[in-house]
Amino acid sequence: MARLAAVGGLLLGGTMVTRAVASEPPDASAAPRTFAQTPSGAGGDLVSRLGTGRTAGHWVDSEGRPVVAVTDERAAEAVRRAGATAKRVRHSMSELRSAASTLRSVPRVAGTAWALDYRSNEVVVRGDRTVSGSDWSRLTAVAEGIGGFVRMERTEGAFTTRLNGAEPILSTAGRCSAGFNVTDGTSDFILTAGHCGPTGSVWFGDRPGDGQVGRTVAGSFPGDDFSLVEYANGKAGDGADVVAVGDGKGVRITGAGEPAVGQRVFRSGSTSGLRDGRVTALDATVNYPEGTVTGLIETDVCAEPGDSGGPMFSEGVALGVTSGGSGDCAKGGTTFFQPLPEAMASLGVRLIVPGREGAAAGTSAPAGQAPGTRAPGASGAGAPAPAAGVDGSTLLARLTDRRNIGPGLLVVAGSLVALVATRWIREGQDRKAYRRRYSATWG
């Protein structure tokens, strides 16, 4: 029995060490956090340090490396010394923002949008098919007066809010998608799009027999595009850290952050499901028929009516909720998102994250479940997989955690000592038995 126990210890310790060596290194901090590091943190730090007069934004290249746009060689040297790539441009961030401010000051034209394109060092103005020729000509004249770094583009389709996450929620205003679950420390809420419905709107699940999900208690639209739906029972329930991605699966959300231009992102919605694309611009302004919304994230991810309010995320980090756009998922298009940190700060709430007492974090449950119920499919941050809840890990899973290389080596060493000790004890017993038998036989 002692030998069997020692061999079992060797096997277990070897498994722990193998898993630890073969797996990627863990995060520096395993503790849950509300705000996550952006993928181009180095670029953001450099832009803050050098200032908007010497830089013109930053982005992530195709290989995930930070790139910073700079206006002079000294700034370029500072960027290179910090380990990032520098790109010389003509116009600073101050000039780009001034151009956008001028565009906002002219009479509003529904069906137009503009955003700061850091990579081309331009302000890109788009007009959909609803914009008349005369309105487009007037806007073009304003752009020409600003300078040659304002680019005018016509786009197919129309810029609309996507009224009609992932889970569908219904009210008299229409159908939307649940966004992320948040809390003010007392009650839990769904953070979704503001255009989905005014304060006082009552929301229900989409299946027969589903009861009331909650009521809109705060929001902002136009200007911003976010709202807060308080759960009918005050709590999001189990699986609150999971966003649905279809087929009964979900992705666990571990924090919130700011996106970077060029970053790959995912969006989930009740109409078109899980879709992916890249961030194409930040600080976008969209003139919807219902009003103007500013400060949005522009992406090439597709979306369709009913996807409004659904979550956008990347590698388990919550980034925003779906606002609107043009096109569809058959032909592609442009979709805009309300940044999540700004919305949470304005509403005075925080993302519910795994490990917080009372709930795990994130958004709605997977398809086929009302928001706030336990998700049948969840995972470690950013990856779809079956979930057993925040505290559902087994003893074996804990023992084989990739952080356990130290304990694994201790288990191996202890097992070897036990194996040698049992062998030595057994040999001593055999010698004593032989002597007794020899003495008895000789006598």
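The structure is a predicted model, in which local features need pLDDT of at least 70 and side-chain atom pairs count only at pLDDT 80 or more, while totals for chains, interfaces and linings use all residues. Residues are numbered from 1 along each chain as its sequence is written, and side-chain values use heavy atoms, with hydrogens and water left out.

Of its 443 residues, 48% are buried. Here, buried stands for under 20% relative accessible area, exposed for over 50%, and partly exposed for values in between, with a 1.4 Å probe and protein chains only. The accessible surface amounts to about 20600 Å², and carbon and sulfur atoms account for 53% of this area. Accessible areas come from the Shrake-Rupley method with a 1.4 Å probe, and for residues only the protein chains shown count as cover.

The largest nonpolar core has 33 residues, among which Leu116, Tyr118, Val123, Val125 and Val150 touch the most other members. Two or more residues come from each of strand 1 (55–60), strand 2 (66–70), helix 4 (93–105), strand 4 (112–117), strand 5 (122–127), helix 5 (133–146), strand 19 (273–288) and strand 22 (317–328). The most is given by helix 4, with 5 residues. Such a core is a set of buried Ala, Val, Leu, Ile, Met, Phe, Trp, Tyr and Cys residues joined through side-chain atoms within 4.5 Å.

Where helix 3 starts, a side-chain oxygen of Asp72 comes to within 3.1 Å of the backbone nitrogen of Arg74. After helix 3 comes Gly83, which has a positive phi, near 90°.

Charged pairs come next. Side chains of opposite charge can pair when their charged atoms come close. The structure has 16 salt bridges, each defined as a side-chain nitrogen of Lys or Arg within 4 Å of a carboxyl oxygen of Asp or Glu. Arg65 takes part in a salt bridge with Asp61 (3.2 Å, N to O) and in another with Glu63, where the closest N and O atoms are 3.1 Å apart. Arg65 counts as partly exposed because its relative accessibility is 45%, whereas Glu63, at 58%, is exposed.

Arg267 and Asp307 also form a salt bridge, with 3.5 Å between the closest N and O atoms. This pair links distant parts of the chain, 40 residues apart: Arg267 belongs to strand 18 (residues 264–269), and Asp307 to the loop between strand 20 (291–299) and strand 21 (311–314). Both Arg267 and Asp307 are buried, the relative accessible area of Arg267 being 0%. The side chain of Arg267 also makes a polar contact of 2.7 Å with the side chain of Ser272, and a polar atom of the Arg267 side chain lies 2.9 Å from the backbone oxygen of Cys302. A polar contact is a pair of N or O atoms within 3.5 Å; within protein, one must be able to donate a hydrogen and the other to accept it, and residues adjacent in sequence count only if both atoms are side-chain atoms.

A network of salt bridges links Asp117, Glu122, Arg126, Arg151, Glu153 and Glu298.

On the surface, Tyr434, Tyr438 and Trp442 form a nonpolar patch, together having about 470 Å² of accessible area. Patches are made of residues with over 30% relative accessible area and no salt bridge, like charges being joined within 9 Å and nonpolar side chains (Val, Leu, Ile, Met, Phe, Trp, Tyr) within 5 Å. Tyr434 is part of helix 8 (residues 405–442) and counts as exposed because its relative accessibility is 53%.

Definitions and conventions
Helices (H or I, at least four residues) and strands (E, at least two) are DSSP runs, numbered from the N terminus.
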